[in-house]
Protein chains: 2
Amino acid sequence: MQKGKASLWLERPVYIMSMAGVAGKKEGEGPLGSKIDRIVQDPMFGCDNWEQAESAMQKQAADLALEKGGIHRKDIRYLFAGDLLGQLIATSFGTVDLNLPLFGLYGACSTMGEALSLGAMCVDAGHADKVLAMASSHYATAEKQFRFPLGYGNQRPQCATWTVTGCGAVVLAGEAATGGRTEAGVTEDQTEAETPGRKVKAGTPAGNARVRVAGITTGKMVDLGARDSMNMGAAMAPAAWDTIRQNFEDFGVDETYYDKIITGDLGQVGSGILLDFMKQQGHDLTGKHMDCGMEIYDNERQDTHSGGSGCGCAAVTLCAHILPELMKGTWKRVLFVPTGALLSTVSYNEGQSIPCIAHGVVLESGGQSQKGGGKES
Amino acid sequence: MQKGKASLWLERPVYIMSMAGVAGKKEGEGPLGSKIDRIVQDPMFGCDNWEQAESAMQKQAADLALEKGGIHRKDIRYLFAGDLLGQLIATSFGTVDLNLPLFGLYGACSTMGEALSLGAMCVDAGHADKVLAMASSHYATAEKQFRFPLGYGNQRPQCATWTVTGCGAVVLAGEAATGGRTEAGVTEDQTEAETPGRKVKAGTPAGNARVRVAGITTGKMVDLGARDSMNMGAAMAPAAWDTIRQNFEDFGVDETYYDKIITGDLGQVGSGILLDFMKQQGHDLTGKHMDCGMEIYDNERQDTHSGGSGCGCAAVTLCAHILPELMKGTWKRVLFVPTGALLSTVSYNEGQSIPCIAHGVVLESGGQSQKGGGKES
């Protein structure tokens with residue numbers, strides 16, 4: 001159901017059926033290390049170069065997500081995937097063996113939000129019963145592409161983030177996946193949640209899934225003129241704000257509607273900017289906001305400066321921490337907002353600014369909306 | 001309606017409401033020159049560098065498509081767009097001013113097929129009333145990124161293609177766009193086309209549109225080990241075949257079902273390989289096959305060797321030639337198969353092969369399927 005300018009409530013239940021995170025040694029030593037499904041100590045993943053390593057990581061994450069869900073690869077209808085590299089080579093090479101119809105996506109570090117959005121829209125529409133959404137990044141491929149060769153040992157300013165070596169893969173499934181498919185418009189027990197103007201069709205979770213993609217707010221390019229590629233948090237904060245604001249406006253809610261509002265990789269610097277700005281606009285996110293980039297590393301111990309970044313940052317934190325907490329019921333409703341800075345070395349060397357985007361995904365635990373709290377629209 | 005492993009019939013009519021092509025001087029001098037909406041003589045498009053030029057071209061194509069359709073920008077719900085450059089910088093910078101929710105896509109030169117597919121799926125599902133699908137390439141940005149600086153004047157082998165400077169933009173709209181929206185599952189005059197197993201819901205064209213996206217076959221990565229980046233037609237031909245074969249299998253049809261089967265940018269070399277291979281498999285495409293890369297330039301006069309390539313090749317040919325011919329009724333049903341080679345300079349320099357993908361879109365003139373001819377499934 002279209003809401004406002006850029007949002008949708010999904011009317012048919014789209015569940016997280018399975019998920020898996022694969023990450024590197026440094027991420028394994030971080031606060032989420034014990035929760036990440038697989039930590040690979042070799043940064044080369046047994047391959048000959050960094051790009052192949054990232055491709056191998058994607059393959060491992062996809063296979064593991066399928067294995068954990070007891071899902072056969074042939075039952076996945078579409079793969080929505082991307083990474084940070086030029087021409088998506090981590091994905092192109094990493095997904096050949098999966099042999100799945102592929103929609104290649106690029107949203108920089110927001111890619112997991114884009115993949116979840118399109119994947120869920122596709123399942124909601126009945127265009128697929130099960131899809132796989134996936135995004136990855138690798139510290140060494142990103143440094144090689146965007147900054148300096150690792151051997152150069154360049155110094156990083158305190159506002160810089162550290163690209164996560166990691167991949168998150170999520171299987172989304174509709175009711176059809178359980179065999180008891182409800183055709184669009186013919187459901188019997190249609191219920192209306194307390195949220196103003198929102199209709200939710202009841203359904204049984206697919207398999208053991210207990211978390212659903214409930215809604216989507218699609219980001220637009222935001223470019224306020226930031227040019228410092230070593231301070232991407234500051235560049236991305238306005239895009240995060242734009243998507244959160246649009247989500248509030250479209251759904252007629254505010255921060256009280258969510259248990260957590262979780263940005264992708266703003267880091268300490270970008271998060272501070274976002275929170276300050278939102279406070280000025282009358283939205284106090286104290287205790288509500290979390291940033292994947294600040295969760296995945298312990299800066300005191302790991303010297304990561306502003307925090308983690310990269311497609312893998314939000315994707316791995318989603319699989320290792322956010323979805324499990326929703327499954328446990330710690331949180332009932334989360335607004336997940338991966339953030340992306342769409343610069344390239346070409347645009348950077350030409351002195352251009354850094355356009356950014358953030359994609360919002362509403363994740364809920366349980367079969368239905370469980371609390372109201374939305375403002376009257 | 002899901003068909004087979006990788007295809008969909010769209011059940012609700014999704015029409016081409018408007019389209020526009022913008023291209024460069026060389027394309028203007030080619031066989032399609034007089035049909036392209038706007039030819040810009042200045043390859044810099046009045047900008048300071050090639051990348052900005054490509055962004056400016058995207059902006060022009062989007063604005064022109066809206067203008068031609070009498071559509072206000074705010075009525076477009078989503079933009080599905082991409083280009084060939086690392087981190088999609090032509091799109092990122094080119095679409096900031098459009099201020100539209102954006103799904104950034106990367107499928108190399110198949111991107112227009114990917115954008116049409118996702119855009120049409122989105123409209124079919126009722127997730128949007130109108131979307132804009134767009135893809136671009138620029139000869140100079142592509143040479144700079146993938147090959148040599150233009151000033152180097154490198155020699156190109158006869159199997160090389162010439163990247164099209166061009167952008168095609170298409171507005172897709174559902175019935176809702178005309179105000180007479182048919183809710184899913186509650187249509188009254190449901191008709192069944194002659195195609196086996198296919199259901200089509202009747203509807204009135206949106207605005208003056210007379211061409212619809214009827215079906216989709218989503219490509220998967222195909223990598224047969226080709227490594228010559230100066231012969232991308234040969235690399236992409238197996239991907240084109242894979243998608244065409246899948247389309248035939250999923251829909252239970254063969255080449256007789258289509259008036260034309262139109263590949264994106266195989267060029268003379270790749271097209272020859274595709275036709276030879278299909279003939280071996282029992283499919284004679286004589287008179288049926290067309291390749292955008294062979295239509296957009298006149299090799300005799302323009303010295304383009306194997307033909308045109310780039311996202312803009314299929315996108316501009318679609319807007320300038322394919323859709324107009326469908327509107328005129330010259331063809332009733334076309335399988336449009338843009339082809340993409342997902343190599344980067346990084347993967348090329350590492351000696352890797354060229355993984356390829358092709359996305360198939362079934363375009364039909366008129367409100368409904370007009371001929372049968374499908375094989376019994």
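## Helices α2 and α5 of chain A

The crossing of α2(A) and α5(A) is left-handed, meaning that the near helix is turned anticlockwise from the far one by less than a right angle. The model is predicted; local features need pLDDT of at least 70, side-chain atom pairs count only at pLDDT 80 or more, and totals for chains, interfaces and linings use all residues. Residues are numbered from 1 along each chain as its sequence is written, chains are lettered from A and ligands numbered from 1 in the order in which they are written, and side-chain values use heavy atoms, leaving out hydrogens and water.

In chain A, the axes of α2 (residues 50–69) and α5 (residues 139–146) come within 8 Å and cross at roughly 135°. The two helices are therefore oblique to each other (angles under 35 degrees count as roughly parallel, over 145 as roughly antiparallel, 65 to 115 as roughly perpendicular and the rest as oblique). Contact (heavy atoms within 4.5 Å) joins A:W50, A:E51 and A:E54 of α2(A) to A:A140, A:T141 and A:K144 of α5(A).

## The pair in chain B

The axes of α2 (residues 50–69) and α5 (residues 139–146) of chain B come within 8 Å and cross at roughly 140°. This crossing of α2(B) and α5(B) is left-handed. Here B:W50, B:E51 and B:E54 in α2(B) meet B:A140, B:T141 and B:K144 in α5(B).

## Burial of α5(B)

Six of the eight residues of α5(B) are buried (under 20% relative accessible area, with a 1.4 Å probe and protein chains only). Among them are B:Y139 and B:F146. The buried residues pack against α2, β7 (130–137), β8 (161–163) and α11 (345–349) of chain B.

Terms used: Axes fitted to C-alpha atoms, helices over the stretch in contact; angles between N-to-C directions. Helix = DSSP H or I, 4+ residues; strand = E, 2+ residues; numbered from the N terminus. Buried < 20%, exposed > 50% of the residue type's maximum accessible area, 1.4 Å probe, protein only.
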